[in-house]
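Please look through the sequence and the structure shown here before reading on. The report below then takes up some of their parts in turn.

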Amino acid sequence: MFIPAAQSAYRTLRKTQPRVRLNLLFKNGYSSKVEYKPIRSVLVANRGEIAIRVFRACTELGIKSVAVYSEQDKMHMHRQKADESYMVGKGLPPVEAYLNIPEVIRVCKENDVDAVHPGYGFLSERSDFAQAVIDAGLRFIGPSPDVVQKMGDKVAARVAAIEAGVPIVPGTDGPVTSKEEALEFCKKHGLPVIFKAAYGGGGRGMRVVRKMEDVEESFQRASSEAKAAFGNGAMFIEKFIERPRHIEVQLLGDKAGNVVHLYERDCSVQRRHQKVVEIAPAPRLPTEIRDKMTEAAVRLARHVGYENAGTVEFLCDESGNFYFIEVNARLQVEHTVTEEITGIDLVQSQIRIAEGMTLPELGYTQDKIQPRGYAIQCRVTTEDPANDFQPNTGRLEVFRSGEGMGIRLDSASAYAGAIISPYYDSLLVKVISHASDLQSSASKMNRALREFRIRGVKTNIPFLLNVLENQKFLHGVLDTYFIDEHPQLFKFKPTLNRAQKLLNYMGEVLVNGPQTPLATTLKPAVVSPHVPEVPLDLSPEALEREERGEAKVTEPPKGLREILVCGGPEAFAKEVRNRKELLLMDTTFRDAHQSLLATRVRSHDLLKISPFVAHKFNNLYSLENWGGATFDVALRFLHECPWERLEEMRKRIPNIPFQMLLRGANAVGYTSYPDNVVYKFCELAVQTGMDIFRVFDSLNYLPNLILGMEAAGKAGGVVEAAISYTGDVSDPKRTKYDLKYYTNLADELVKAGTHHPDIPIHIHTHDTSGAGVASMLACANAGADVVDVAVDSMSGMTSQPSMGAVVASLQGTPLDTNLDLRTVSEYSAYWEQTRTLYAPFECTTTMRSGNADVYLNEIPGGQYTNLQFQAFSLGLGDFFEDVKKAYREANLLLGDIIKVTPSSKVVGDLAQFMVQNNLTADQVLERAEELSFPKSVVEYLQGSIGIPHGGFPEPLRSRVLKDMPRIEGRPGAELKDLDFGKLKKELKESHSCITDRDVMSAALYPQVTSDFLHFRDTYGPVDKLDTRIFLTGPNVGEEFDVPLERGKTLSVKALAVSADLKPNGIREVFFELNGQLRAVHILDKEAIKEIHVHPKASKSNKSEVGAPMPGTVIDIRVQVGDKVEKGQPLVVLSAMKMEMVVQSPLAGVVKKLEIANGTKLEGEDLIMIIE
């Protein structure tokens, strides 16, 4: 082995001595003359990481390196790493360019090249290439053409093995070229068999066949792959050895007949006969078997006159018997692990041997070659292990490697911005670890792979990590069934990829505008709301309590929730009733913004103020923060999970009871659900942090109410049965909803089991008329235990009465709330600023003040502003006074009903329908049979939300419904229980990481949840973005932080949006992320209207069949109009030298084909539509 001084002398010798003749005397008594001729330049007839590997060896030896590259590789790194580079195969397909022997020879002759290194793959095992190189007066860095030919021919190699006394597996005598011959062999020798490419290796064109009916199809696919990869589709067939280890011996031979082995490698961890992880030396291989195997390999090499580097591959069964497979007459991908354990540079050795140096001169005698430790190689590929390892192509948006002691990286185009094409092998980087033992080497590899950050394409790193953590692997218990028999290797924790997804979201907003509809043209304010400071108790007493493990100094003071948690709902209700002060429920976190800001306030802003609320408002009765419209709006418009909102609020506010609005049998939806859905919803809500369920029904329909109460109670929540009020009990003329109606209803609810044994009374109202504060004070003086308020800056109009006004009014009285007005003011200041971020949804755009006409039209405060926005969107903005009048008429038409969501929506829809069509109440009644009523009105009259007090209005109901079906009794009573397991399975088919919460969301809102899950998969946790940036995107040049979780914050700067549009309609958006340049590619949806772009398959539409990987269509098996069965082959794609049959995901009829033979597809491009 050379030391630096010797290398320097060696380079000098090469330059000054063109030829040296050496006389060698061997132990066996014969002498031979070996000619030494220095090499001054080497062309590598290959690409990618192996080309760079050879270039580096050349540079270290002082040899000029020359690259060739195809048109498709003109931006590839390997041509930049060489001293010179030349294009070959212009106009040829990508692989054929590298198979063009005449052009490679021409480049060599025109550019004073001395020698050619073939690398692996492509021409490396083509004897005609080796011969052409030699015929051109060049040196071939590899075995002689005769040996390449003999070893590349599987049949000739078997004959040689037999002659050398090396055990073999039964197989065909020669190459097989037809499926008929293959079938004949299988019938004669039985199954299983394995098909192998007769003129190439690397797993290409390899298939194991265990069923006779699969022989013909497998042969055709394997032969086609072999022809694409090696230029010849001939196959070799042999019996398949069950449960073998795949062990190969690395050899070096020189021109003088010396051959040494560099020990063995275990390549048993394979998938589809392609090596995934390699280890040197083979673990748990008995010494006597190792010695026999290496001796057999050396014997075979000497028998055929092998020179240069090569590998003899064996299958070793459980009994220690081993069988010759083949000789790879070239360098192999996994040569790196042998280099690590022996310290021998195989590529430099290849070049030196080609120059004429002998193994003894290089210091490579068998006694001096000793393995040290264990080395592992992992092939990081751009394949998606969660999608059957389909090749993934695209642009590397992010590339950060894992490095450090004991780690070696061999790569090519592994850098941010590199394009991974579908034309070549999917290998991205080889990671090699080396340590004293197998477990330590695996630990280093594990650590290095976890340091990698690769975005833009999928990789197999999650799969590799699972392999490295498998106990059998760590103990070296391996065979070629290892992957097949460990399905847990395919259970991946998805990479979050949060940063890149968020950049894609912001890029989408910058290019295509807001990703949530904005109600007005107003823009969010450029403001960062001041969050009041949370007190920290660092007194000696507090520190002492923390030391004892009682309470951390950061914990808020105890509140009413402690009584609920310790004593249960009954104790909680009793405590509420015994309190002398007026208790307040704060609606700021839900109903206030639902009323004022179209329910659009995001978790981001709620969570910021939550710790302050926990510390300063611990004596609140409760915080209304969930349920109602916030649930579906979070999913539908805010693109965030309502369950996560509840969970995160509970973490920050552990001491105040949470209250939610439960629409009885409608849960948080607008329709009836199976009973088990309502029960499961309440159970999950309590588990996630909910305490009190304010249960109501939009019609005060007792059966619906009782179901909600039972579900909440069974879940362990506090049941607060709510009575919805309408009419005027003080007006003797209005007898439908008189005082007796309400007291009777209250009696029924108490009997049904509300958790308030002493009947505490909790009052909720909206301040639409402006009389809210006065009303709440009157209620308090009349004996109410709890009233609802909103913090000052979020109160008034259609929201709740002002918290500050109620607190100030009761100071110094027996009902004093014990809240500090200064604290309320601080809280209000935060929301005053925060509210300006939601300017696009501001109710004051259309409503300037409260309005007492609510006493006339009876529009609920929670609906008032939404109705006004709807009127504007329908073009009725100038007719809102008419809508309000029509609301009163619509209510009477429908039977003068209780008006709360969803019944209030029925009245509102009918009112707008009447104004839009210029109809009076009489005209509606007269023309009811011919009019097309809003869906909500029809469903109400059918009984889908329950039965109103006094029954349905006649003759309106009969005229509208005619022969339509009617629901008698509770709507959900006849519904079949939902199969949650089935729903979860369906969701998992389209999305990763599906939780029980996602399943519940889908049970309530199927399409909304599906859209949300797709959005989350694409854009990540957008709830972490500041509200202005979420709504309208950052300004160019703006710097901002995005806190992802505790201790993890992204620093982002928006740099630019490209003015140039790419031919496929893509616009590039540039960011700086944590100081590093990032670019995202965004499809300009306006621009592509004028550009033809291949359509994408919708993930949510199973009828649309998309390309599972990028590739070229080489075979179409169906036509429009054909009937297909589920699993039937539709199309064959070819990419990265791999063929894939696309199967039908469902049975149906082919409605439309979007492809033709030769069509080049990207991943998820639409192939066809099946109905």
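**A strand and its neighbours**

In strand β26, the bridge partner of M585 is S622, where strands (E, at least two residues) and helices (H or I, at least four) are DSSP runs numbered from the N terminus. This is a predicted model, in which local features need pLDDT of at least 70 and side-chain atom pairs count only at pLDDT 80 or more, while totals for chains, interfaces and linings use all residues. Residues are numbered from 1 along each chain as its sequence is written, and side-chain values use heavy atoms, with hydrogens and water left out.

Strand β25 (residues 583-586) runs parallel to β26 and is joined to it by two bridges, and two strands count as paired if DSSP finds at least two bridges between them. Strand β27 (residues 658-662) also pairs with β26 in the parallel sense, over four bridges, and there G627 stands opposite L661 of β27. Six of the six residues of β26 (residues 622-627) are buried, that is, under 20% relative accessible area with a 1.4 Å probe, protein chains only.

**Two packed helices**

Helix α2 (residues 48-61) packs against helix α13 (residues 346-355) at an angle of about 65 degrees, with the axes 9 Å apart; axes are lines fitted to C-alpha atoms over the stretch in contact, and angles run from 0 to 180 degrees between N-to-C directions. Among the residues of α2 that meet α13 are R53 and L61, contact meaning heavy atoms within 4.5 Å.

**The whole chain**

The protein chain has 41 helices and 43 strands, and 57% of its 1171 residues count as buried.

Note on methods. Buried means under 20% relative accessible area, exposed over 50%, partly exposed in between (1.4 Å probe, protein chains only).
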